Every structure is written in C-alpha cells, then in structure tokens.
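Q: Could you walk me through this one? I would like to start with local contacts and then move on to helix packing.

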Amino acid sequence: MEYPEKGSKAYLFSIVLVAVLGGLLFGYDTAVISGAEKGLQAFFLGAKDFVYTDVIHGITSSSALLGCIIGSALSGIFATKFGRKKSLICAGVFFFLSALGSYYPEFMFFEKGKPTMSLLYMFNFYRVLGGVGVGLASAICPMYIAEVAPSDIRGTLVSWNQFAIIFGQLVVYFVNFLILGDHTNPIIEKTAENIYIVVAGSDAWTIMTGWRYMFGSEAFVAGAFTLLVCLVPESPRYLALVGKDETALGVLARINGIKKAREILNEIKSTVDVKSERLFSFGVMVIFVGIMLSVFQQAVGINAVLYYAPRIFESMNMGNPMVQTIIMGVVNIGFTLVAIFTVEKLGRKPLLIWGSIGMAIGAFGVAISNLVEGVAPIIPVVSIMIYSASFMFSWGPICWVLISEIFPNTIRGAAVAIAVAFQWIFNFIVSSTFVPMYNMELGGMGDRFGHMFAYALYGVICVIAAIFVYKLVPETKGKTLEDMTALWRNRNKK
C-alpha cells in the first residue's frame, strides 16, 4: 500500500468538522429547553390526573440529563467495544429519535393534546433517549478529535468542539425565537395555595404547538450528523489498540505524512504494550483530577443560566428576554473563540484560573444586585454576561480539552466515561435544583433571596475551582497523548 509523503490539513479539518457536529447537537439538544420550557409547563399544567408542580417541572426540564449520565457512563464501553465511529453513529440515531418523539410524544399510544401523567412519562422517555445521545457524543467527540489531531494543534481542534456546542445553543436560541414569532410565552402565576396556573388569555398556540416545533427542529441536524459520521475514518489510536496497525497507519499518514505517521504509531504501540488496562494502573490522582474537572465545570452553575436564560432575563424586567438570550449566545460565541485562539499560546491552566475569577466576579455581581434593592436592571444583566463570557473562554472548552488529553491511552475510554458521567450527574443536580432554589423566598426579600443565594453559592464554587486548578491540574500544552503516560506514571511513583 502506498502512503502519502505529506499530510493533508484539509482532510484533518474535514473529519474534525464532522465530529464537532456532534458538539453542535450536544448544544442544540441541551439548550432547546430554554425556549420550550414555559410552553411545556403550561401544557402539563392543564393535566387533570395530577398536579404539575415546580419540582416536577424542574425534573422534566432536566430529564435529558438523566440520559446524559447513562450515555456518558456507557461511552467507555461503546468506545472500547464498538469503536469511536460506530458509537457516534449510535449517538446520532438517538438524537434523531428523541427529536421526533419529543415533538409528538403521543405517537401510537395517547390522544394528541391531552396532558396526562402517562404522557409526561413518555415525553421524558424521549428526552432521556436524546440525553443518551448527548452523553455518548459529549465523551466520544472530543476523544475522537484528540486522537486524530497532531499534538501542536490538538487543544485548538478540541476547543472547536466547545465552539460547536455554544454555536448549537445559539442556533437553537434563534430557532426558538423564529418559531415563537408573533406568539408569546404563556403567563404563569402562583396562587395563594402555591399552585401554578396559566393566566386566562395566554397564547394557546404556544401551549399546544410551539414547544413541539422547537424539539422537532433538531431532527434535521441529527439526520445530517448521522449520515456524515458514516464517511469519516475510525480513530487511529483505537485502530492501534485493536491491532489494526496498517489501517491506523493509513489514517495517520493522510493526516501527518508517512514519516511522522510511523513515529506516532510507534509511540502509540509502545504505550499500548507497556501497561495493562486496569483503571487505576496510573494511580488514583489521575482519575480524581478528571472527575473534579467535570464536577467543577457544572457546579459553577453555568447550565442553570443557559437552560433558563429567558426566565432569568424576564425576572430582571429589562426588555425582551428572548432577545437578551440571543445576545448572550453571541457573546458566548465570541469568548469561546478567545479560548480557541489562545489555548496553545497561554496554556490550559491560566485560562481556567482567570475564567474562574471572572465567573466569581459575575456571580457575586448578580448576588449583590439582588441583595440591595433598587439596583438598575443593567447591573445584573451585565454581571450575567461577564459570568457567562468567563466560562466560555475557560471551563467551557478547556475542561473538554483536558479530559480528552490527561488520561493515558490504555485507560482513556473508561476514564473519560467516568469523568463525563460525573459531569452529567452534577449538571442534573444543578439544573434540577436551580428553579426551586432561584424561587426561594425569605421575609421582606421575597424571591430576591433565592436569586441572591443561588449566585452567591455559584460564586464561592468558582473560587474553590480556581484553587483546585492551581494546585492539582497538570499543564498539557505541547505534550503528546503518549507523554501523559509518562507524566502519570512518574506521579504515581512519588
């Protein structure tokens, strides 16, 4: 077989582009709820056989995250047993079925437009199914990109996965805005008996139809992703792990040229042969660092803002909340690009530390705005923008870069699965507790107490995250994936 003397950047970028579509779907699926949740809440408030409470709505809005936990936990098994490529195809199928099912959960078994507890279960089943796809994609897309990318641009290429996630969220903000059109979100009020009701005169189209279109719109992107993944090659590092050295060499040669490809393959084979695949072969610390990176990425509270952005902006009484949500999405895109173009120059640790500090400032700004009466609405709005922007140039992309990089080859599949599973567990905890916490009332402060408490808590966690990164996280800039084997072996000996 003849191999190319020079690698092709166009070939590399084309397969990475397909992989980051998984990130776009990740963002699309998780943020679609931001525009749909009020219409969905109003729909199920019309149920006659149960009371749709605040807690039930929090769980329903976050139910996809349960699937994310399952999908990410299974991603190690999928990635190791079936390979990275086939696992991504499975993720695409789950995305597609979830979009259609969430659009029409009554399919075959229920009367359309009649909210019941059974229909709520079915809707959540479809959302969980999509979550399984997100969980698989969230772990395997950055893993796949890291395994095909040359070490000198690996951080940048993996960061594009986060850009795709944020771009997917921005796209769905626009899609939700366009679907809503001239219609309005329903007005929901709490009665003296602490029961939520839909105010008479609320837009019936939004309650019965609008949220369906929002969920269903994902099917178009999911179908395209599933078809395109069939055209990309398997990860060369996975191919080497299963003994398909010639095929792995062919993929590496197309990316790097044959001379460099042989060097990389030799490095891969040496690390494969050196260690067993026991999870703790390189000590506990590498697993602990990976898990805590995931925990902090979610515990800082970012997804509570992303999932409930329109509701939060509405509570600030400053203009159209959907427009503000789109502005936030544009800001997020811009600051994600900051990470992409600086991660190989500044390194991973500085971006995480400065991002944590920026997030703390933004979170405390919102908290103080709710603690002091009479603060101009522009202050908490700008504070949320600072908080969100700081996440986007730090924990958003860099966490995924590090998780895809820090684990040695022989335990990467299982270790990434565990780390990402913890990420989705804490995502679910944060997202499902945010609405009840945000709406907590105390004395004369009313629900401003809940607003203040939530963001003060997130601010404290941001400070702790900065300390954790400074003390325990290794810098991976400029290191090959095989270098991490030596780094953790040496740390384990100390």
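**Contacts, burial and packing**

Q: Which residues is Arg-348 in contact with, leaving aside its neighbours within four places in sequence?
A: Arg-348 is in contact with Arg-154, Gly-155, Val-343, Ile-398, Val-401, Leu-402, Glu-405, Glu-475, Thr-476 and Lys-477, where contact means heavy atoms within 4.5 Å. The model is predicted, so local features need pLDDT of at least 70 and side-chain atom pairs count only at pLDDT 80 or more, while totals for chains, interfaces and linings use all residues. Residues are numbered from 1 along each chain as its sequence is written, and side-chain values use heavy atoms, with hydrogens and water left out.

Q: Is Arg-348 buried or exposed?
A: Arg-348 is buried, at a relative accessible area of 0%; buried means under 20%, exposed over 50%, and partly exposed in between, with a 1.4 Å probe and protein chains only. Arg-348 belongs to helix H15, residues 348–371. Helices here are DSSP runs of H or I with at least four residues, numbered from the N terminus.

Q: What about the largest nonpolar core: how many residues?
A: The largest nonpolar core has 150 residues, a core being a set of buried Ala, Val, Leu, Ile, Met, Phe, Trp, Tyr and Cys residues joined through side-chain atoms within 4.5 Å. Phe-44, Leu-293, Trp-395, Phe-407, Tyr-455 and Tyr-458 have the most contacts inside it. Helix H1 (residues 9–45) gives the most to this core, with 20 residues.

Q: And what does Phe-407 touch?
A: Not counting residues up to four places away in sequence, Phe-407 touches Val-286, Ile-287, Gly-290, Arg-412, Ala-415, Val-416 and Ala-419.

Q: Back to H1. How do the axes of H1 and H5 cross?
A: The axes of H1 and helix H5 (residues 154–180) come within 6 Å and cross at roughly 40°. That makes H1 oblique to H5. Axes are lines fitted to C-alpha atoms over the stretch in contact, with angles from 0 to 180 degrees between N-to-C directions; under 35 degrees counts as roughly parallel, over 145 as roughly antiparallel, 65 to 115 as roughly perpendicular, and the rest as oblique.

Q: What classes of residue make up that contact of H1 with H5?
A: The contact has 20 nonpolar, nine polar and no charged residues. Ala, Val, Leu, Ile, Met, Phe, Trp, Tyr, Cys and Pro count as nonpolar, Asp, Glu, Lys and Arg as charged, and the others, Gly among them, as polar.

Q: Where is Gly-27 placed?
A: Gly-27 is in helix H1, and it is buried, with a relative accessible area of 0%. Beyond four places in sequence, Gly-27 is in contact with Ile-165, Gly-168 and Gln-169.

Q: New topic: at what angle do H3 and H4 pack?
A: Helix H3 (residues 84–103) and helix H4 (residues 117–148) pack at about 150°, with their axes 8 Å apart. That makes H3 roughly antiparallel to H4. Their contact has 16 nonpolar, six polar and three charged residues.

Q: In the loop between H3 and H4, is Met-108 buried or exposed?
A: Met-108 lies in that loop and counts as exposed, at 66% relative accessibility. Met-108 has a positive phi of about 75° although it is not a glycine.

Q: And is Thr-116 buried or exposed?
A: Thr-116, also found in the loop between H3 and H4, counts as buried at 18% relative accessibility. Thr-116 touches Phe-44, Asp-49 and Phe-50, not counting residues up to four places away in sequence.

Note on methods: Helix = DSSP H or I, 4+ residues; strand = E, 2+ residues; numbered from the N terminus.
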